[in-house]
Amino acid sequence: MEDEARASHALTGQVAQLERLDASLVERLRHEALTAPAPWKAEYGDYQSGGWWTTSLMNATGDAADVRIGDCTARPTALLEHMPVTAGLLADLGLNYMWVRLARLEANAFLWEHRDYDELDQVERHRLHIPLHTNSSAFLVTGGTKVHMAGGRIWRLTPTYAHGVCNLLGPDRIHLIADVYADDAYDRLAGRADEPPAAERLPRATEAVLSERFDAARRLADLGYIEAAEQLLLWLFYCVALPEAPPTT
């Protein structure tokens, strides 16, 4: 029981549910995300299998096609002008925004294991997710645990931990993602954190499973299918619990 409580606390430190949102508000947010004239851009190609698209609602330049995040005083993009319900929610939350995006993950697409914020200024910041359009085959993996980020809530993700996302079957997974600086408004929101429901612990990676996967990847590489070999190994993160390696410096 003590180990379970410790694991639960550790998971909540990595991903947690925050404030509940009104269902009619979420539906209006979803409608805007699906119908707004978004200039979707593919970025961070080294960290995805293809099928990961983003567009900015608040950033440094006001250009919705500027999607590589960085420290800034965020200002609305032209796209946000087409999304008054979304703009109203962001204003009502009263947070100090660094960057706000829509992120779309297509069916059979992966955002591979990675960490975020390493390249940014060393100040306290947090990432919030609002799922707008999702399905049960779309899930996050962090700390060796699979979590479906269901709609109806604001979620907090701590992206300095190794994490990845996949959408196995579709339809598209669309999230509103806000990177925010720590302040009193954030502290009030984060003070209502709940453990993710139905989180599923992945099985431990045994030597037999790892050996079998490495051998299969080596055979693919020997045949010249280098990318397929890499993806076969990257897939492990979504199948088994791998030990958390310390971040590189």
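Start your tour by selecting L168, L169 and W235: on the surface of this predicted model, these residues form a nonpolar patch with about 290 Å² of accessible area together. L169 sits in the loop between β10 (163–167) and β11 (173–181). Is L169 buried or exposed? With a relative accessible area of 70%, L169 is exposed, because that value is over the 50% cut-off.

Next stop: the largest pocket. The space in this pocket comes to about 490 Å³. To find its centre, select Y44, Y47, H114, R115 and D116, the closest to that point among the 22 residues of the lining. Then colour the strands that take part: β5 (109–114), β6 (125–133), β10 and β11 each give at least two residues to the lining of the largest pocket. Which element gives the largest share? That is β5, with three residues. If you colour the lining of the largest pocket by class, you will see 10 nonpolar, three polar and nine charged residues.

Let's finish with the cavities. How many of 30 Å³ or more are there? The count is two. Go to the second largest cavity, which has a volume of about 60 Å³. Select L90, L93, Y97, L128, I130, I154, L176 and A178 to show the residues that line the second largest cavity. Here α3 (84–93), β6 and β11 are the elements that supply two or more lining residues. Colour this lining by class as well: the second largest cavity has eight nonpolar residues, no polar ones and no charged ones around it.

Terms used:
Residues numbered from 1 in each chain as written. Predicted model: local features only at pLDDT ≥ 70, side-chain atom pairs only at ≥ 80, totals over all residues. Heavy atoms only, no water. Patch = residues over 30% accessible without salt bridge, like charges linked within 9 Å, V, L, I, M, F, W, Y side chains within 5 Å. Areas by Shrake-Rupley, 256 points an atom, 1.4 Å probe, with all protein chains shown as cover. Salt bridge = Lys/Arg side-chain N within 4 Å of Asp/Glu carboxyl O. Helix = DSSP H or I, 4+ residues; strand = E, 2+ residues; numbered from the N terminus. Buried < 20%, exposed > 50% of the residue type's maximum accessible area, 1.4 Å probe, protein only. 1 Å grid on protein atoms, 1.4 Å probe; cavity = no way out; pocket = protein on both sides within 12 Å on 5 of 7 lines; lining within 4 Å. Points joined across faces, edges and corners; volume = space filled by probe spheres on them. Nonpolar A, V, L, I, M, F, W, Y, C, P; charged D, E, K, R; others polar.
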